[in-house]
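Okay, thanks for coming, everyone. Let me put the structure up and then walk you through it.

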Amino acid sequence: MPELDPVIHAESRLRALTTLNEVGELNRIAFTKLRGMLDMTAGNLSTHLRKLEDAGYVEITKTIEGRTPVTYVGISAEGRLAYLQYRKALRDLLAGLTQDGRSLPLEAP
C-alpha cells in the first residue's frame, strides 16, 4: 500500500504546500497573502509552515520593505518533489494500487 508523507498529510500543510506549488519554483508569496488565501490565523499558519520548513519543504525569507518587515514563503525543490510524490501516492492509494503497481484485492461489501 502506498505510504503518504505524514509531514504533508495534515490538511493545513497539504493546503499550504498545494498553494505554494502553484505559485511556482522561483516565485514566493508574502505570508499575509498566503494566510488570506488559506483563511488561517497567523499562529496556525506559522506552526504548519515551521513543520514544512523543518522538513526542508519550504523556504522562509524575512526582509524589510520600506520600514515594514515582510515574510515571504516559497516551496523548495525538495518540497516540490515531496509534493509530487505525495500526489502520486494518494492517486495510487485511491486507485487501489500497491507501491509496486499491483491492484489491491477488492473486498465484498
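So, a word on how I'm naming things: helices (H or I, at least four residues) and strands (E, at least two) are DSSP runs, numbered from the N terminus. On that basis the protein has five helices and three strands, and reading along the sequence you get α-α-β-α-α-β-β-α.

Some housekeeping. This is a predicted model, so local features need pLDDT of at least 70 and side-chain atom pairs count only at pLDDT 80 or more, while totals for chains, interfaces and linings use all residues. Residues are numbered from 1 along each chain as its sequence is written, and side-chain values use heavy atoms, with hydrogens and water left out.

How confident is the predictor? pLDDT is its confidence in each residue, from 0 to 100. The mean for the protein is 89, and 89% of the residues reach 70 or more.

Now the overall numbers. I call a residue buried under 20% relative accessible area, exposed over 50%, and partly exposed in between (1.4 Å probe, protein chains only). Buried residues make up 35% of the 109 residues. The accessible surface is about 7,200 Å², with 52% of that belonging to carbon and sulfur atoms; that's Shrake-Rupley with a 1.4 Å probe, and for residues only the protein chains shown count as cover. A contact means heavy atoms within 4.5 Å. Of the contacts with a separation of 6 or more, 53% are between residues 24 or more positions apart.

On to the helix pair I'd like you to look at. Helix α2 (residues 11-23) packs on α5 at an angle of about 115°, axes 11 Å apart. Those axes are lines fitted to C-alpha atoms, for helices over the stretch in contact, and angles run from 0 to 180 degrees between N-to-C directions. Who makes the contact? From α2 we have Leu 14, Leu 17, Thr 18 and Asn 21, and from α5 there's Gly 79, Arg 80, Tyr 83, Tyr 86 and Arg 87.

Tyr 86 also turns up in the next story. Leu 4 sits in the segment before α1 (6-9), and its C-alpha is 6.0 Å from that of Tyr 86, though they are 82 residues apart in sequence. Beyond residues up to four places away, Leu 4 touches His 9, Tyr 86, Ala 89, Leu 90 and Leu 93. Buried or exposed, then? Leu 4 counts as partly exposed because its relative accessibility is 22%.

Most residues other than glycine have a negative phi. Asp 39 is not a glycine, yet has a positive phi of about 55°. You'll find Asp 39 in the loop between α3 (31-38) and α4, and with a relative accessible area of 72% it is exposed.

Last stop: Lys 62, in strand β2 (residues 58-65). Lys 62 is at 68% relative accessibility, so it counts as exposed. Leaving aside neighbours within four places in sequence, Lys 62 contacts Val 70 and Thr 71.

That's my tour, thanks.

Definitions and conventions
pLDDT = per-residue confidence, 0-100.
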